[in-house]
Amino acid sequence: MLDPVTIKTNADELIKSALKEDISSEDVTTNAVMRKRVLGEAQLIAKQDGVICGLPVFERTFKILDKAVEITFYKKEGERVKKGETVANVRGDIRVILSGERTALNFLQRMSGIATYTAETVKLLEGSKTKLLDTRKTTPNMRLFEKYAVKTGGGNNHRYNLSDGILLKDNHIGAAGGVKKAVQMAKEYAPFVRKIEVEVENLEMCAEAVEAGADIIMLDNMSIEDMKKAVELIAGRAQTECSGNVTRENIGKIKAAGVDFISSGALTHSAPILDLSLKNLHPVED
């Protein structure tokens with residue numbers, strides 16, 4: 001969750017970096033037309049139907065610029081919004097609202113887009129045991145926000161980063177000299193609390209991974225029929241994950257293979273933004 005502690009300890013620097021990217025020295029346009037503080041209000045409007053996500057980040061962006069900014073939310077995090085609905089009211093120094101607008105919206109639109117795409121994809125897995133996972137195919141410096149958005153949309157997180165879990169992919173296996181050797185080396189090196197996942201590309205590698213004692217076996221870019229055979233071969237001796245070019249268009253067919261997890265990079269690298277706007281900015285009495 002992006003609770004206040006997580007935001008201040010992990011997200012603040014990322015938000016500040018985004019603000020610095022947009023305001024290297026000053027907001028020259030705003031400073032040209034607003035020479036002094038004037039209290040104002042603006043409304044956050046949904047321009048599409050979807051799942052709203054990132055409200056704490058939206059608020060924090062303005063609060064970093066000015067703690068006095070007040071935001072009233074009319075929707076809760078993770079709720080569905082409809083086109084034309086007012087999501088929030090922003091009240092504060094007009095200079096701050098203008099300067100923080102784009103950065104705050106960039107976070108909110110991106111995160112809401114991912115949450116919406118994820119929710120639509122999760123719906124395609126209804127009626128099966130299969131859980132949806134994200135991947136590390138995230139925008140640099142946006143992983144915290146993008147993986148949070150996946151969870152908000154009803155998906156699940158795969159490992160957060162390279163320190164978070166062992167995943168022996170094709171190049172690791174090649175470097176180690178084979179599946180069996182790679183799993184053996186991982187078991188020798190890693191703490192016993194770490195699960196070992198192995199990526200396999202065919203049934204022969206799958207059998208070798210089972211024999212080596214892998215905890216999770218990732219079936220990479222296999223046909224539906226081969227995935228079904230792999231699940232039968234594994235027979236519950238390891239958890240199963242399908243990966244490789246998974247999209248909303250083909251995930252319905254993939255679930256028929258009976259894997260425990262389906263991981264999809266598209267959740268974070270292909271989700272379109274949810275269109276949101278800050279509108280109707282006007283002065284109000286202080």
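Guide: Among contacts in the chain between residues at least 6 apart in sequence, 70% join residues at least 24 apart, where contact means heavy atoms within 4.5 Å. This is a predicted model, in which local features need pLDDT of at least 70 and side-chain atom pairs count only at pLDDT 80 or more, whereas totals for chains, interfaces and linings use all residues. Residues are numbered from 1 along each chain as its sequence is written, and side-chain values use heavy atoms, with hydrogens and water left out.

The chain has 11 helices and 12 strands, which are DSSP runs numbered from the N terminus, helices being H or I of at least four residues and strands E of at least two. Of its 286 residues, 47% are buried; buried means under 20% relative accessible area, exposed over 50%, and partly exposed in between, with a 1.4 Å probe and protein chains only.

The largest pocket holds about 440 Å³ of space. On a 1 Å grid over the protein atoms alone, a pocket is an open set of points where a 1.4 Å probe fits, with protein on both sides within 12 Å along at least five of seven lines, and lining residues have an atom within 4 Å of a point. The points are joined across faces, edges and corners, and the volume is the space filled by probe spheres set on them. Of the 23 lining residues, Thr135, Lys137, Lys169, Ser243 and Ser263 lie nearest the centre of the pocket. By class, the lining has 11 polar, 8 charged and 4 nonpolar residues; Ala, Val, Leu, Ile, Met, Phe, Trp, Tyr, Cys and Pro count as nonpolar, Asp, Glu, Lys and Arg as charged, and the others, Gly among them, as polar.

At least two lining residues come from each of strand S9 (216-220), strand S10 (239-243) and helix H11 (266-269). S9 and S10 run parallel and are joined by 5 bridges, where two strands pair if DSSP finds at least two bridges between them. Aspartate 220 stands opposite serine 243 of S10. In S10, 4 of the 5 residues are buried, so this strand is largely enclosed by the rest of the structure.

Asparagine 221 sits in the loop between S9 and helix H9 (224-234), has a phi near 55°, positive in a residue other than glycine, and is partly exposed at 48% relative accessibility. Alanine 235, in the loop between H9 and S10, also has a positive phi, of about 50°, although it is not a glycine, and is exposed with a relative accessible area of 56%. For background, most residues other than glycine have a negative phi.

Neighbours within four places in sequence aside, valine 200 is in contact with Met205, Cys206, Ala209, Ile217, Met218, Leu219, Asp220 and Met222.
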